[in-house]
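Here are some notes on the model you sent.

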Amino acid sequence: MNTLTERIRVAREQAGLSQAEVAKSLRVSASAVNQWEQGLSKNIKLEHFFALAGLLRQDPQWLATGTAFPYVRRTQATPPKLDDPPLTREEKALLHHIRRLPDTLRRPLLKFIKELSAFSALEIKADFRN
């Protein structure tokens with residue numbers, strides 16, 4: 001991804017957010033977000049840029065330049081890939097609701113989902129054996 005506009009759009013899509021949702025979260029107009037993604041805005045206020053990076057869970061250095069400092073913490077989100085499939089409607093809905101949960105509930109939910117996924121995989125294998 002060579003341009004800031006591409007990185008913003010792809011990161012927003014990977015986060016499962018619409019332009020309207022980003023605008024509402026950052027308290028800017030939807031047309032401002034559209035202009036950022038279309039390259040029609042000459043500059044983005046720093047307060048909006050850093051809020052956008054946080055909302056999209058991206059390293060601001062990567063979002064601005066396409067590169068990141070080597071010492072960026074591993075807990076940062078990885079840059080999105082252009083070949084990642086877009087999120088489905090169900091994935092967007094799950095992400096939307098999960099993001100509204102406090103961290104104290106996210107962790108047990110993640111553990112439950114992992115266990116459910118493992119259990120589901122075991123059931124599928126058992127079905128093939130029968």
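Predicted model: local features only at pLDDT ≥ 70, side-chain atom pairs only at ≥ 80, totals over all residues.

**Notes on helix H1 and the chain**

1. On the geometry of H1: its twelve residues should span 16 Å at 1.5 Å a residue, and the end C-alpha atoms are 16 Å apart, which agrees. After the helix comes glycine 16, with a positive phi near 75°.

2. How do H1 and H3 cross? The axes of H1 (residues 4–15) and H3 (residues 30–38) come within 6 Å, at a crossing angle of roughly 125°. The two helices are therefore oblique to each other, since roughly antiparallel would need an angle over 145 and roughly perpendicular one of 65 to 115.

3. On the H1 side, that contact is made by Thr5, Ile8, Arg9 and Arg12, and on the H3 side by Trp36, Glu37 and Gln38. Sorted by class, the contact has two nonpolar, two polar and three charged residues.

4. For the whole chain, the secondary structure is seven helices and zero strands, in the order α-α-α-α-α-α-α from the N terminus. Of the 130 residues, 22% are buried. The accessible surface is about 9800 Å², with 57% of it belonging to carbon and sulfur atoms.

5. Among contacts with a separation of 6 or more, 54% are between residues 24 or more positions apart.

Technical notes
Residues numbered from 1 in each chain as written. Heavy atoms only, no water. Axes fitted to C-alpha atoms, helices over the stretch in contact; angles between N-to-C directions. Helix = DSSP H or I, 4+ residues; strand = E, 2+ residues; numbered from the N terminus. Parallel < 35°, antiparallel > 145°, perpendicular 65-115°, else oblique. Contact = heavy atoms within 4.5 Å. Nonpolar A, V, L, I, M, F, W, Y, C, P; charged D, E, K, R; others polar. Buried < 20%, exposed > 50% of the residue type's maximum accessible area, 1.4 Å probe, protein only. Areas by Shrake-Rupley, 256 points an atom, 1.4 Å probe, with all protein chains shown as cover. Expected span 1.5 Å × (residues − 1).
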